[in-house]
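Here are a few exercises to work through with the model open beside you. Take them one step at a time, and check each solution against the structure.

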Amino acid sequence: TFDFGLMMDSFEAMGLRLKRENVAEDMEGVRFLLRDMVPKELSRKRISEKMKTDIRRSKQKARGERVPVESKAYPGEFFFFVRTNELLQGLGSKLGVNVQYLDVLKPYAENVLLMAEKKRMIGDPSSDLLLSVDKSLEKRIQNILEELEENGDIAGCQICVLNEKGQPLVQAVAGHMGGLMRKIPMRPDAIILGHSVTKAITATLAHVMVQEGYISYDEPICERIWPKFCPYSEAPDKLVESMQNADNTREKWSWKKSITLRHILSHTSGMWSALPSKLTINILSSCEECCLAFEYDEKYPLNTLLPTSKPGAKCAYHFLSFGWLVAGCLKKAYELRHKKKVRYDEVYDAILKPML
């Protein structure tokens, strides 16, 4: 999510305007643009595969969406970079070299960003919200943080301890803001991207709902809780026909049918890399829309999300899909019992929030 946001910011900074919004496809294009240099045969194979993917996608798009960039908003500098980049790729291919392209660009990109970075003061450090009351506990925690920093175990860290009334007992910080902001000291009121800290809350809600009988850990979620997740006993013909490997598709469909809540919570469902095929900012910001992407849609069989390994066979961190898969299960389980449509946040408010 963070990478997608930075990419969109960079497009805006360059003056690049798109006719449509599909951040997943755009990210794939950027990664291909900045791919490693490889010898001729491998380079040809990669380009051929990319062209096949682009042609297939182009056939599914409306005429106005096939060229994604607004012609009047295509910066000359960007055009020059793309052309120069491809010339360098061709030269590297002809010379038969292996070059980690991003490693070459990284120091120059970092230098430019550091030159442009200005220290930003966020919030008011004198605010009452930042005043702590348990100085003894705060000093003990602060000492631990400083030791971790000295040992190189943390770059920067914030710790806030609240009492039962939500008042801060401790406000401890150490280190710096990290990355391109590593010269800026960490502060109690600095805004930090949370990434996956909410996975623990989502998992806690799941355990509570298991305890209350909404769902069990080991029932296949498509049998009772979420039928549209995998609605047929065997892979539909439309799906098999749209995929390149029929046998592989049938096997993956059977894997998806066996996925349980336990598989998802333990990151062994095999769907660690699954993302909605049309990943716009609006869709990404809607839990419900992302959950829908995991259901089978007969109109768009190519968009079907399938596991890459047999559930339970391999543990792979579900960096984005975890929240959507768990939320989809819990939302459907709640709707099944209460016979009404709800959003995921409404399930949280009804079950877990009163316990906090």
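**Exercise 1. Find how far H4 reaches from its first C-alpha to its last, and say which of its residues are buried.**

Step 1. H4 has 20 residues and spans 29 Å from first C-alpha to last, close to the 28 Å expected at 1.5 Å a residue. The expected span is 1.5 Å times one less than the number of residues. Helices here are DSSP runs of H or I with at least four residues, strands are runs of E with at least two, and both are numbered from the N terminus.

Step 2. The buried residues of H4 are Phe78, Val82, Asn85, Gln89, Gly92 and Ser93. Buried means under 20% relative accessible area, exposed means over 50%, and partly exposed lies in between (1.4 Å probe, protein chains only).

Step 3. Looking down the axis of H4, these buried residues fall within an arc of 100°, so they line one face of the helix. The arc is taken from the directions that run from the helix axis to the C-beta atoms. An α-helix has 3.6 residues a turn, so residues three or four places apart point the same way.

Step 4. On the face turned away from the buried side sit the exposed residues Glu77, Phe80, Arg83, Leu87, Lys94 and Leu95. After H4 comes Gly96, with a positive phi near 70°.

A word on the source: this is a predicted model, in which local features need pLDDT of at least 70, side-chain atom pairs count only at pLDDT 80 or more, and totals for chains, interfaces and linings use all residues. Residues are numbered from 1 along each chain as its sequence is written, and side-chain values use heavy atoms, with hydrogens and water left out.

**Exercise 2. Work out which helices the buried residues of H3 pack against.**

Step 1. H3 covers residues 40-60, and its 21 residues reach 31 Å, close to the expected 30 Å.

Step 2. Ser43, Lys50 and Thr53 are buried in H3. Seen down the axis, the buried residues of H3 fall within an arc of 100°, so they line one face of the helix.

Step 3. That buried set packs against helix H2 (23-33) and helix H4 (76-95); contact means heavy atoms within 4.5 Å. Turned away from the buried side are the exposed residues Glu41, Arg44, Lys45, Lys52 and Lys59.

**Exercise 3. Lys256 is buried: what lies around it?**

Step 1. Locate Lys256 in helix H9 (residues 246-257).

Step 2. Lys256 has no salt bridge, and the nearest side chain of opposite charge, Glu295, is 9.1 Å away. A salt bridge needs a side-chain nitrogen of Lys or Arg within 4 Å of a carboxyl oxygen of Asp or Glu.

Step 3. A polar atom of the Lys256 side chain lies 2.8 Å from the backbone oxygen of Phe294.

Step 4. Beyond its neighbours within four places in sequence, Lys256 contacts Phe229, Cys230, Met271, Phe294, Leu305, Leu306 and Pro307.

**Exercise 4. Is Leu279 buried or exposed?**

Step 1. Leu279 is in the loop between helix H10 (261-265) and helix H11 (281-284).

Step 2. Its relative accessibility is 0%, so Leu279 counts as buried.

Step 3. Not counting residues up to four places away in sequence, Leu279 touches Phe4, Asn22, Val23, Ala24 and Leu284.

Methods:
Lys, Arg positive; Asp, Glu negative; His and termini not counted. Polar contact = N/O pair within 3.5 Å; in protein donor to acceptor, adjacent residues only side chain to side chain.
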